[in-house]
Amino acid sequence: MSGDARRVLLALADEGLELQREGEDLMAEIRDEGPLGELAVRGGPLISRFEAMRRELPRCDDDALLQSAADVLDMIFANHALALHAALDLLAVSWRSERLREEQSRLGGVGAQGERLAALTARLKRLAGEA
């Protein structure tokens with residue numbers, strides 16, 4: 001099971017990195033006050049996919065290292081989905097006040113969780129090479 005779980009985790013981590021780049025591009029457009037309807041159409045599927053990826057993570061009860069990686073991926077994917085959802089919500093209401101517009105102007109990438117995903121993906125690739 002651990003070989004299969006390792007492959008699934010790596011595939012999901014790789015996909016997460018690709019989706020993360022798309023999400024960061026979307027966040028930049030939200031920050032720059034892009035059209036809500038267009039950005040929501042792009043953001044909805046990204047959010048849904050991050051949530052689906054959480055459900056696809058394998059249980060790795062027989063391998064503590066892989067289970068730890070699965071737990072971390074779960075947290076990262078949840079963070080990314082929530083950040084995108086919150087950014088779209090902010091865009092929808094930012095017209096209401098200067099304070100909300102200021103918050104919107106500070107939107108950036110996914111921060112430390114993005115770096116964490118890149119590091120974990122590299123670690124999973126090393127593990128796959130050792131197997």
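Keep in mind that the model is predicted. The chain has 5 helices and 0 strands, and a search of the whole structure turns up 1 aromatic pair.

**The chain as a whole**

- Starting at the N terminus, the order of elements reads α-α-α-α-α.
- The chain has 131 residues, and 37% of them are buried.
- Take the contacts between residues at least 6 apart in sequence: 78% of these join residues at least 24 apart.

**Helices H2 and H3**

- Two packed helices are described by the angle between their axes and the distance between the axes.
- For H2 and H3, the axes come within 9 Å and cross at roughly 160 degrees.
- Angles over 145 degrees count as roughly antiparallel, so H2 is roughly antiparallel to H3.
- The crossing of these two helices is left-handed.
- On the H2 side, the residues making the contact include Leu 36, Leu 39, Ala 40, Gly 43 and Phe 50.
- On the H3 side, Asp 74, Phe 77, Ala 78, His 80 and Leu 84 are among them.

**The aromatic pair**

- A pair of aromatic rings is described by the distance of the centres and the angle of the planes.
- Here the partners are Phe 50 and Phe 77, whose ring centres lie 6.0 Å apart, with 40 degrees between the planes.
- Planes under 30 degrees apart count as stacked and over 60 as edge-to-face, so this pair is called tilted.
- Phe 50 belongs to helix H2 (residues 36-56) and Phe 77 to helix H3 (residues 64-93), so the pair ties together parts that are 27 residues apart in sequence.
- Both Phe 50 and Phe 77 are buried.

**A look at Thr 121**

- You will find Thr 121 in helix H5, which covers residues 112-130.
- Buried means under 20% relative accessible area, and Thr 121 has 2%, so Thr 121 is buried.
- Leaving aside residues up to four places away in sequence, Thr 121 touches Leu 10, Ala 13, Asp 14 and Leu 17.

Terms used: Residues numbered from 1 in each chain as written. Predicted model: local features only at pLDDT ≥ 70, side-chain atom pairs only at ≥ 80, totals over all residues. Heavy atoms only, no water. Phe/Tyr/Trp six-rings, centres within 6.5 Å; stacked < 30°, edge-to-face > 60°. Helix = DSSP H or I, 4+ residues; strand = E, 2+ residues; numbered from the N terminus. Buried < 20%, exposed > 50% of the residue type's maximum accessible area, 1.4 Å probe, protein only. Axes fitted to C-alpha atoms, helices over the stretch in contact; angles between N-to-C directions. Parallel < 35°, antiparallel > 145°, perpendicular 65-115°, else oblique. Left-handed = near helix turned anticlockwise from the far one by under 90°. Contact = heavy atoms within 4.5 Å.
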